[in-house]
Structures are given as C-alpha cells and as structure tokens.
Amino acid sequence: MLDTKDIAVVILNWNGKDLLKQFLPSIIEHSENATIYVADNASTDNSVSFVSEHFPTVKIIQNIDNGGYAKGYNDALKKIQESLFCLVNSDIEVTKDWLKPVLKEFNDHPSTAIIQPKILDYKDKSKVEYAGAAGGFIDRYGYPYCRGRIFNTVEEDKGQYNDIIDIFWASGACFFIRNAVFNNLNGFDESYFAHMEEIDLCWRAFNQNHQIKYVGHSTVYHVGGATLKTNNPKKTYLNFRNSLFTLVKNADGNVFGKAFVRMLLDGIAGLMFLVQLKPNHFLAILKAHGAFYLNLNTVLSQRKKTSKRAGYYRITSVVWSYFIKGKKTF
C-alpha cells in the first residue's frame with residue numbers, strides 16, 4: 001500500500017522567488033510526510049538560495065538550462081525515486097488533506113495511472129480555474145475543454161464536481177502520475193517546451209489503456225498565467241502548434257482529415273483575433289501552422305511508434321457546440 005512517504009511533490013521553478021515565497025508554505029504545511037522538491041530551471045534570480053535559507057526541508061534539483069515545462073520536469077524527475085510524482089505549478093495553493101483522497105484512489109484502483117484534483121481559481125475561490133477545472137476532455141479535432149470550463153466560460157463551484165470520474169487529460173497545473181508510468185511513456189515531449197504537453201502525455205497513456213481520473217475531494221487553488229500571461233502571443237503560438245502536434249501524433253483513424261478540419265477552425269480563430277484588433281495573435285497562429293508543417297515528418301514518425309485507441313472524444317466538435325449551438329457548460 002502506498003502512503004504519503006511515497007509521494008514526491010515537485011514544483012518547477014524559473015525566476016519565481018516571489019511565487020515560492022507565497023505558495024510553498026501551504027504545500028509544506030499540508031503535505032505531511034511527502035518529500036517536497038523544487039526543480040529549478042537555471043533561474044537567474046536568487047530562488048535557489050532563498051529556498052535553501054527559508055525552507056530547509058525542501059530538496060532542490062538544479063537543471064543546467066531552462067528547457068521549459070517539458071524538459072524541466074523530464075530532467076528533474078530522473079533524479080527522484082518516489083513511487084508517485086505530484087507535479088505542481090509554483091502558483092498553486094493546496095488545502096488540508098489534499099493528498100489523502102488521491103492516495104486512496106491510487107491504492108483502491110491499481111489501474112489508475114494519473115489523477116487530477118479539483119482546481120479552483122485562487123483569485124476567485126468560488127469558481128473553477130481555467131487550466132484544468134474539474135478534469136479535461138478533448139473533441140474529435142483535438143480541441144481541449146474541461147468540466148466546468150469551456151473556452152472562456154467558467155462555472156461557479158457549487159459542489160457539482162465533488163466526484164471521482166474517468167477523464168481524458170489531467171491539467172499540468174497540478175497532477176499526479178505513477179513514476180513507472182511516466183518513465184514507460186518516456187516523459188513529456190520536450191519539443192513542446194510548454195503548453196499541451198500534459199495532454200499529449202495523457203493521450204499516450206490513454207492509447208496504452210491507462211486510466212486517468214479526476215478526484216474532486218482534493219482541492220487546490222491556481223493563480224494561472226503567472227509565468228506566461230494569457231494575452232501573450234507566444235502562449236497562442238505554443239497552444240496552437242502543440243495542439244496540432246498532439247492530434248496528429250495520437251488520434252486514431254483518418255488523422256489527415258481531422259487535421260485539415262482543425263486547421264480550418266484555427267483559421268477562423270485567427271480571423272476572430274483580427275476582428276478583435278489582436279494582429280499579433282493572428283500572426284502567432286500563422287507561425288504555429290508554419291512550424292507544424294516544418295515538423296510534420298518528425299510528428300508522423302512519432303505517430304508510427306505507438307498504437308492508437310478509438311473513443312478518445314465525447315463530442316465531435318466543441319467549437320460547434322459552444323459557438324453555434326450555444327452550449328456553454330459541460
């Protein structure tokens with residue numbers, strides 16, 4: 001039976017001294033017997049010395065460069081032996097006993113490989129948070145959405161998601177994964193740098209018949225956008241590029257047909273950015289599509305290496321459902 005001593009809580013940091021100062025105390029207070037790590041991505045502030053001085057129980061792993069979320073975690077987790085990894089953004093506040101429901105689910109169901117807790121908005125704790133909410137799903141064309149959050153519509157938390165269910169993907173803001181599963185999947189795809197890498201990882205886990213769960217009895221609060229703001233065109237670029245990578249690598253069936261429709265829908269999103277007088281985001285989508293074409297051979301070679309599994313989507317198009325049919329909630 002696993003217990004809290006088998007959990008490694010790993011916080012990836014890059015120049016985040018202020019966030020660590022604010023949020024590390026809650027993790028230390030409420031993660032009894034778990035080992036807490038700060039994995040530092042070659043910060044140029046004094047994050048490392050600050051943690052060493054003020055939080056001596058926290059173990060520090062120093063990566064030699066800033067490889068983003070994907071490579072940063074891959075490099076750090078190679079040095080950690082605990083049976084369960086809990087990957088936590090540096091802008092996460094945890095709550096009392098947050099580990100217990102997750103640990104129980106892993107122990108009760110050995111086939112469960114990945115778990116996400118309920119993620120609420122730190123800035124408005126009555127609402128679910130954009131990045132993960134109450135568990136992630138994906139449509140036929142690779143657009144991700146969540147219980148409690150579809151596009152920019154977020155729901156108030158009224159306890160409607162205080163449950164345990166199978167989901168398709170768990171948010172990288174805070175998720176648990178078995179050490180053995182992470183290594184069997186060869187970790188995150190480092191070409192992603194940041195954004196969508198957790199969805200790619202979960203899709204690969206799904207294709208290998210692993211179970212991914214949402215455990216709503218465990219709650220954390222997420223600031224969101226603390227490292228890369230929502231209005232940053234780089235975020236738009238990474239999301240659109242990496243989403244195409246993920247779809248082509250992992251979807252079953254006629255992936256070229258799906259990718260074609262997806263790129264048409266991306267084009268409509270680009271036009272919406274122009275209408276909203278956001279030309280830099282329009283250009284970011286063009287650059288994302290260009291990068292997708294440049295890397296297509298690599299992505300197709302990755303696709304050949306893994307089996308595909310049908311049934312990954314619940315609805316055909318979340319875009320159609322949300323914008324045309326007007327369905328704003330899960």
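Modeller: Let's start with a polar contact: a polar atom of the side chain of asparagine 242 lies 2.7 Å from the backbone oxygen of histidine 195. Keep in mind that this is a predicted model. Asparagine 242 sits in helix H7, and at 0% relative accessibility it counts as buried, because the cut-off for that is under 20%. Setting aside residues up to four places away in sequence, asparagine 242 touches Tyr192, Ala194, His195 and Met196.

Now stay with the helix. H7 covers residues 233–250, and its axis comes within 8 Å of the axis of helix H10 (residues 296–304), with the two crossing at roughly 40°. The crossing of H7 past H10 is right-handed. On the H7 side, the residues that meet the partner are Phe245, Val248, Lys249 and Asn250, and H10 answers with Val299, Leu300, Gln302 and Arg303. Sort the residues of that contact by kind and you get four nonpolar, two polar and two charged.

Next, the nonpolar interior. In soluble globular proteins, nonpolar side chains tend to be buried together. Here the largest nonpolar core has 67 residues, and the members touching the most others are Val10, Leu87, Ile114, Phe175 and Phe188. Helix H6 (residues 197–207) gives this core its largest share, six residues. Apart from that core lies another, of 31 residues, with Val38, Val102, Phe106 and Ala173 among them.

Phenylalanine 175 deserves a stop of its own. Not counting residues up to four places away in sequence, its contacts include Leu87, Ile114 and Phe188, along with Tyr69, Ala170, Glu198 and Leu201. Glu198 turns up again with serine 171, which is also in contact with Gln116, Ile119, Ala131 and Gly132, leaving aside neighbours within four places in sequence. You'll find serine 171 in the loop between strand S11 (164–166) and strand S12 (174–178). Is that serine buried or exposed? Serine 171 is buried, with a relative accessible area of 2%.

Leucine 19 and serine 47 are 28 residues apart in sequence, and their C-alpha atoms are 9.6 Å apart in space.

Methods
Residues are numbered from 1 along each chain as its sequence is written. This is a predicted model: local features need pLDDT of at least 70, side-chain atom pairs count only at pLDDT 80 or more; totals for chains, interfaces and linings use all residues. Side-chain values use heavy atoms; hydrogens and water are left out. A nonpolar core is a set of buried Ala, Val, Leu, Ile, Met, Phe, Trp, Tyr and Cys residues joined through side-chain atoms within 4.5 Å. Buried means under 20% relative accessible area, exposed over 50%, partly exposed in between (1.4 Å probe, protein chains only). Helices (H or I, at least four residues) and strands (E, at least two) are DSSP runs, numbered from the N terminus. Contact means heavy atoms within 4.5 Å. Axes are lines fitted to C-alpha atoms, for helices over the stretch in contact, and angles run from 0 to 180 degrees between N-to-C directions. A crossing is left-handed if the near helix is turned anticlockwise from the far one by less than a right angle, and right-handed if clockwise. Ala, Val, Leu, Ile, Met, Phe, Trp, Tyr, Cys and Pro count as nonpolar, Asp, Glu, Lys and Arg as charged, and the others, Gly among them, as polar. A polar contact is a pair of N or O atoms within 3.5 Å; within protein, one must be able to donate a hydrogen and the other to accept it, and residues adjacent in sequence count only if both atoms are side-chain atoms.
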